[in-house]
Amino acid sequence: MSRAPGRLRRGPGRRSGADDGQRALAHRLAALLLDYPDDELLRRLPAVRAAAATLPEVVRDHLLGVVDHLAATPPQEAGAGYVETFDLRRRACLYLTYYAHGDTRQRGVALLAFKQAYRAAGLLLREDELPDHLCVVLEFSATQDLAAGTALLLEHRAGLEVLRLALQDAGSPYAGAVAAVCATLPPLAGDDRDAVARLVAQGPPDESVGLEPYGLHDPALRAPTTLPMPDPSFPGPPREGARR
């Protein structure tokens, strides 16, 4: 499970050059593509493809690779592949705090930063969603507060890069969606690279604890979502159905 730091690879080799509107769109499309591939998402793939085509090349190509995969894969097979990728692999977890904290006491504290960012925007999460799910963070960044959402991604950049590397190593097409997000962020600097190397080598902490005593079942996390949805005409609002 461990990998030597010497195998650490740099993230996407160049910045996207995207403006704020393009970065927000990239985050929104990545959120859609990293969600479970239900009938609604598959129906919207042509609109997602058209939107991705408007983005800078380094972001566009990553996203289009995921679109191509989903468009060419039978729905049942796509769903099974999603579950195998994100539900059955410890190193391909979509919950950002897991990489640094595992299921330890410190994770509950780390989740507070996400809760506070959403509350500052006047938002609450639906009852079955944890605040550090990558799709939630990307939807927040895209539709509510790009600066605050990007700050959350940067705070957990090491975990995001470990996710990208895990998907890349597994040959998963979903690596493209995460790579597209990374391409909207500044290039990795020294401290970030060191943190990624440590996580790649060691993996998340192993201490297991119950989630309830540490805020993960705080009633504030169980309120219905109040994220206002964008114009549904394109590429469709972030879905309110349960993520797998």
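In these legends, a residue is called buried under 20% relative accessible area, exposed over 50% and partly exposed in between (1.4 Å probe, protein chains only). The model shown is predicted: local features need pLDDT of at least 70 and side-chain atom pairs count only at pLDDT 80 or more, while totals for chains, interfaces and linings use all residues. Residues are numbered from 1 along each chain as its sequence is written, and side-chain values use heavy atoms, with hydrogens and water left out.

**View A. Arg23 and Asp20 pair within helix H1.** Their side chains meet in a salt bridge (a side-chain nitrogen of Lys or Arg within 4 Å of a carboxyl oxygen of Asp or Glu), with 3.0 Å from N to O. Both partners sit in helix H1, residues 20–33; helices (H or I, at least four residues) and strands (E, at least two) are DSSP runs numbered from the N terminus. Arg23 is buried, at a relative accessible area of 15%. A search of the whole structure turns up six salt bridges.

**View B. Glu40 meets Arg44 in helix H2.** The closest N and O atoms of this salt bridge are 3.0 Å apart. Helix H2 covers residues 39–52, and because the two partners are four residues apart in this helix, about one helical turn separates them. Glu40 is partly exposed, with a relative accessible area of 29%, whereas Arg44 is buried, at 12%.

**View C. Asp68 and Arg49 link two helices.** Here the salt bridge spans 2.7 Å from N to O. Asp68 belongs to helix H3 (residues 57–72) and Arg49 to helix H2, so the pair ties together parts that are 19 residues apart in sequence. Asp68 is partly exposed, at a relative accessible area of 38%, and Arg49 is partly exposed too, at 33%.

**View D. Helices H7 and H8 pack against each other.** H7 (residues 134–143) and H8 (residues 146–155) have axes 7 Å apart, at an angle of about 150 degrees. Axes are lines fitted to C-alpha atoms, for helices over the stretch in contact, and angles run from 0 to 180 degrees between N-to-C directions. The two helices are therefore roughly antiparallel (under 35 degrees counts as roughly parallel, over 145 as roughly antiparallel, 65 to 115 as roughly perpendicular, the rest as oblique). Contact (heavy atoms within 4.5 Å) involves residues including Phe140 of H7 and Leu152 of H8. The contact residues divide into eight nonpolar, three polar and no charged (Ala, Val, Leu, Ile, Met, Phe, Trp, Tyr, Cys and Pro count as nonpolar; Asp, Glu, Lys and Arg as charged; the others, Gly among them, as polar).
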